[in-house]
Amino acid sequence: MSKTTTMKKTSPIIPLFKQFIKETESGKRLKKNGEKIKPGSIQNYYYVLNNLIQFSSDTKFELRICDASKLDKRELASEKSYWKKFYQKFTDFLYKKGCHDNYVGANVKVIRVFFNYLKNDKDIITGDFQRLFYVRKEEIEIFVLSPEQLKFLIHDKEFEQTLIPSHKRIKDIFVFGCTTGLRYSDIFLLTNKNFEQMEGDWYLKLKSQKTKTFSFIKLSAYAVTIFQCYKTTNNKATLFGTISLFNFNKSLKQIGEQAGFTMPIEVSREKQGKTQKLTRKTDTSKNRFCDKMSSHMMRRTAITTLLILGMPEHLVRKISGHSNASSSFNRYVHYAQAYMDKEIEKVHSKLESY
């Protein structure tokens, strides 16, 4: 157990962290713009709380904090050393559990938010030791449908007839998402009122739940067909009903397998900035493209497809809602360029053969 060499007054962190979550859930703690914190963020706070409890229990590391305003120079140096040790031991604990940089970084980011809460909401002078905590990030490889795969899901009626009704519905929702670039959360909030016909063309109009930005998207013929297939008589009812994210992603993987999207893929992740290839020694079938199909693939596929088909970047940004400085959007640009380079190489190889 970590020991202190002075009589400085300390407070246990876990009760404070629980209070931090409680005040966030109740709406007492808000964003800087006055909005409530989203449920997804609060769920992440609970994950971090559980990790802290397990870390303290497993390593016997005492989690406490003290008012830094009452410490002398020597005590401040001791406190700084304590938090450096905490950061090292806590991140080591997460890495040993098999976590990767993005997850570890997300935990550290929440802890930094918690420190700011103590300082700004609870008037506890923390000493800003959270600035010692480095938030690691990793670039995870993008998996998207190729234009050929998307065409197959849109147009192959023979394949569609092999799907059970629940899978056909999910396939239609997935295709709709791959066309419009909507997030999973926005798709399942759509009602008839989000669709408007103007001069014979159909448009989708909505305000993103995540970014609060407005979109007005012209729909393709097959997207209109999907809308009309699921159009409800009750304008307040959601278009696609409800389905859990877990079941949606599970079904997508099964649909991808049935469609033959089983080409092997290589997956790598980062730990402490070092790239590691992920292998499944017990089940090699999990290293397939279909096993990476998920709700995230809809938006990514829509963006890269538009870029691959030649739509200018600034227009794609307008549809996707990305800012000019968005690093995530640049990843889509690089992916689309890599795809086009491969297609050009195919043409070159045909011309070079005699």
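Reply: We may begin with the surface. In this predicted model, the accessible surface of the chain comes to about 20800 Å², and carbon and sulfur atoms account for 52% of that area. The C-alpha atoms fill a box of roughly 80 × 55 × 40 Å along the principal axes.

Me: What percentage of the residues in the chain is buried?

Reply: Of the 354 residues in the chain, 42% are buried. A residue is called buried when its relative accessible area is under 20%, and exposed when that value is over 50%. Ile 14, with 18%, is therefore buried, whereas Glu 139, at 53%, counts as exposed. Gln 272 has a relative accessible area of 40% and is partly exposed.

Me: How many helices and strands does the chain have?

Reply: The chain has 13 helices and 7 strands. Ile 14 belongs to helix H1, which covers residues 13–26, and Asn 249 belongs to helix H10, residues 245–258. Glu 139, by contrast, is in the loop that runs between helix H4 (101–120) and helix H5 (147–155).

Me: What does Ile 14 touch, if residues up to four places away in sequence are not counted?

Reply: Ile 14 touches Leu 49, Leu 52, Ile 53 and Leu 63.

Me: With which residues is Asn 249 in contact, leaving aside its neighbours within four places in sequence?

Reply: Asn 249 is in contact with Met 293, Ser 294 and Ser 295. Its relative accessibility is 15%, so Asn 249 counts as buried.

Me: Where is Gln 272 found, and what does it touch?

Reply: Gln 272 is found in the loop between strand S6 (267–271) and strand S7 (274–278). Not counting residues up to four places away in sequence, Gln 272 touches Asp 92, Tyr 95, Asp 101 and Arg 136.

Me: In which sense do strands S3 and S4 pair, parallel or antiparallel?

Reply: A general idea comes first: in a regular strand, the side chains alternate between the two faces of the sheet. Here S3 (residues 195–198) and S4 (residues 201–207) pair in the antiparallel sense, over 4 bridges. Glu 196 stands opposite Tyr 203 in S4. The two strands S3 and S4 form a hairpin, with 2 residues between them.

Me: Which residue in the turn of that hairpin has a positive phi?

Reply: Most residues other than glycine have a negative phi. Glu 199, in the turn between S3 and S4, has a positive phi of about 50° although it is not a glycine. At 83% relative accessibility, Glu 199 counts as exposed.

A second case is Asp 128, which is not a glycine either and has a positive phi of about 55°. Asp 128 lies in the loop between H4 and H5. With a relative accessible area of 19%, Asp 128 is buried.

Me: How many disulfides does a search of the whole structure find?

Reply: The search finds 0 disulfides. The test is distance: two cysteine sulfur atoms must lie within 2.5 Å. The sulfur of Cys 178 is 15 Å from the closest cysteine sulfur, that of Cys 290, and this is too far for a bond. Cys 178 is buried, at 2% relative accessibility, and Cys 66 is buried as well, with a relative accessible area of 5%.

Me: How far apart are the mean positions of the positive and negative charges?

Reply: The chain has 62 positive and 36 negative charges, and their mean positions are 6 Å apart.

Notes. Residues are numbered from 1 along each chain as its sequence is written. This is a predicted model: local features need pLDDT of at least 70, side-chain atom pairs count only at pLDDT 80 or more; totals for chains, interfaces and linings use all residues. Side-chain values use heavy atoms; hydrogens and water are left out. Buried means under 20% relative accessible area, exposed over 50%, partly exposed in between (1.4 Å probe, protein chains only). Two strands pair if DSSP finds at least two bridges between them. Accessible areas come from the Shrake-Rupley method with a 1.4 Å probe; for residues, only the protein chains shown count as cover. Lys and Arg count as positive and Asp and Glu as negative; His and the chain ends are not counted. The place of a charge is taken as NZ of Lys, CZ of Arg, CG of Asp or CD of Glu. Contact means heavy atoms within 4.5 Å.
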